[in-house]
Amino acid sequence: MILDSKHINSAFDEDLDRLLTQLMTMGGLVENAIRESSRALINLDTELAESVIKDDHRIDLIQEDIDMAAVNCIALRQPQARDLRMIIAVMRISNALERCADHAKNTAKRTSAIVEAPPLTETIASLGRFSKLVQALIKDSLDCFIQADESKARDVIARDHEIDQIHSGLFREYLTYMLEKPSIITSTMHLMFIAKNIERISDHATAIAEQAVYMMTGHLPEDERPKNDDAAYVASADQD
Amino acid sequence: MEISRISQADVQNGAIKIAARDVCVYYAEEQALYNVSLDIQDTMVTALIGPSGCGKSTFIRCLNRMNDTIETCRVEGTIELDGVDIHGRNIDPVQLRARVGMVFQKPNPFPKSIYDNVAYGPRIHGLADTREELDGIVQLSLEKAALWEEVKDRLHAPGTGLSGGQQQRLCIARAISTRPELLLMDEPCSALDPIATSQIEELIGQLRESFSVVIVTHSMQQAARVSQKTAFFHLGSLVEVNETEAIFTNPQDERTESYITGRIG
């Protein structure tokens, strides 16, 4: 586990415990926001989308609390070695989580626009499946950190590759639908942006897993991931 | 831990000032140090850290043969200063201590004037031929110890009349007056307030330009602030030595990790 042995100064342990509890609370809220934003989209539920948008503020506040608690811990306890790396990792992870929540909020905002002119059902369904994969990735990234499980962290990092491939695939799929039926271009464009949001959440999951490796080993893992997301280049490739 | 044999090239390049190999120290039957091998690099501050009784002070006292003064103490292994064994037949311990100066935990000025405290070493080692030369050495030493401006108008006042921080800087001036090549500091700030501590730490940074410094400290923050290399001792053994930055962010040995994160005392 992440806190494996006790400090002589027990108040330091309490500080670290509190910091990790805050991070896990934030993680839970962010996982929830991603899940609910996806559910709101699939069910075209504007009310649920609105609540995701509203709850984002709470996540921002927790992130501020974590930042403050981490700074206090550094100032008052002068942490060293693994303790120091853990606190730095917590700060970075809370930052990544806050960005994930922003992406969920963005998805929710677009949902309200999509409800006005719904796209094809199958395009939304594939986005729902994509979101589920990324939700699992975020959960695993937080688990690997809190369990101090290096092999799980490296597995999360490797899985980003698959997410990038699916994102490219979705991009092509949506292009095809739009070419076939120009009336759904507006709503499908929103879906494309949502797909990008979800893909960015996966990047943050990778960053969280990298922080877990840093916390455990003192080194960030080397970037060996092949880049498979060629969505940005698809249009020009298709013109050839 | 594997430390290669002393390379003559390193000694000649001046990279290694002191090379200690397999140093064992016994106080009567009690073994205090177990096969410590450590290089002290030139123009660098090396910090020795570890819990009380871990052998760091015993080790530092070996480097200028201060342990010779303890009758029951026996030192084994080799310690070379610039490639020459300090226990060699031709080595005079008094001369050695002029080359390897020492500053202690509590400021211990002689019951003499400020001037005489600093002039003591140069006088007994015959470093000055004239009064002017001696005055020059005293002034330079006090300047290097960042004390000159505070005492230049009362050089003949007793050294014991200075504040704790000033007394410690006086002891540093005394230690550097014989132009040592290596300065050993055994918890030099433990009796000082934070301001005096900062002044001594600033001084250590400046002294490093002219000497190698080895500092024993109980304050890990101090080790982190002043040193470039840190060695961790535990139960009489050298556990780990590395760049200070690496020791405090990513130590390799679990015992070092436990000590610096406050899990073992």
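1. Start at Ala20(B). Ala20(B) stands opposite Leu38(B) in E2(B). This is a predicted model, and the pair belongs to two strands, E1 (residues 16–27) and E2 (residues 30–41) of chain B. E1(B) and E2(B) pair in the antiparallel sense. Their pairing runs over 8 bridges.

2. Next, look at the turn of this hairpin. There are 2 residues between E1(B) and E2(B). Ala28(B) takes a positive phi there, near 55°.

3. E1(B) has another partner, strand E4 (residues 73–81) of chain B. E1(B) and E4(B) run antiparallel and are joined by 8 bridges. For a landmark, take Arg21(B): the residue opposite is Thr78(B) in E4(B).

4. E4(B) also pairs with strand E5 (residues 84–85) of chain B. The sense is antiparallel, over 2 bridges. Glu80(B) has Asp85(B) in E5(B) as its bridge partner. The hairpin of E4(B) and E5(B) has 2 residues between the strands. In that hairpin Asp82(B) takes a positive phi near 50°.

5. How do E6(B) and E7(B) pair? They pair in the parallel sense, over 4 bridges. E7(B) covers residues 182–186. Val100(B) has Leu182(B) in E7(B) as its bridge partner.

6. Two packed helices are described by the angle between their axes and the distance between the axes. For H4 (residues 114–124) and H5 (residues 131–144) of chain B, the angle is about 110° and the axes are 9 Å apart. H4(B) and H5(B) are therefore roughly perpendicular to each other. Their crossing is right-handed.

7. Which residues of H4(B) and H5(B) meet? On the H4(B) side they include Ile114(B), Tyr115(B), Val118(B) and Pro122(B). On the H5(B) side, Leu134(B), Ile137(B), Val138(B) and Leu142(B) are among them. Charged residues take part too, including Arg123(B) from H4(B), and Arg131(B) and Asp135(B) from H5(B). By class, the contact has 9 nonpolar, 1 polar and 3 charged residues.

8. Finally, the whole chain. Chain B holds 11 helices and 10 strands. Its C-alpha trace spans about 55 × 45 × 40 Å along its principal axes. Why does the radius of gyration of chain B agree with that of a compact globule? A compact globule of 265 residues would have a radius of gyration near 18 Å, and chain B has 18 Å, so the two agree.

Conventions: Residues numbered from 1 in each chain as written. Chains lettered and ligands numbered in written order. Predicted model: local features only at pLDDT ≥ 70, side-chain atom pairs only at ≥ 80, totals over all residues. Heavy atoms only, no water. Axes fitted to C-alpha atoms, helices over the stretch in contact; angles between N-to-C directions. Parallel < 35°, antiparallel > 145°, perpendicular 65-115°, else oblique. Left-handed = near helix turned anticlockwise from the far one by under 90°. Contact = heavy atoms within 4.5 Å. Pairing = 2+ DSSP bridges. Rg over C-alpha atoms; globule rule 2.2 N^0.38 Å.
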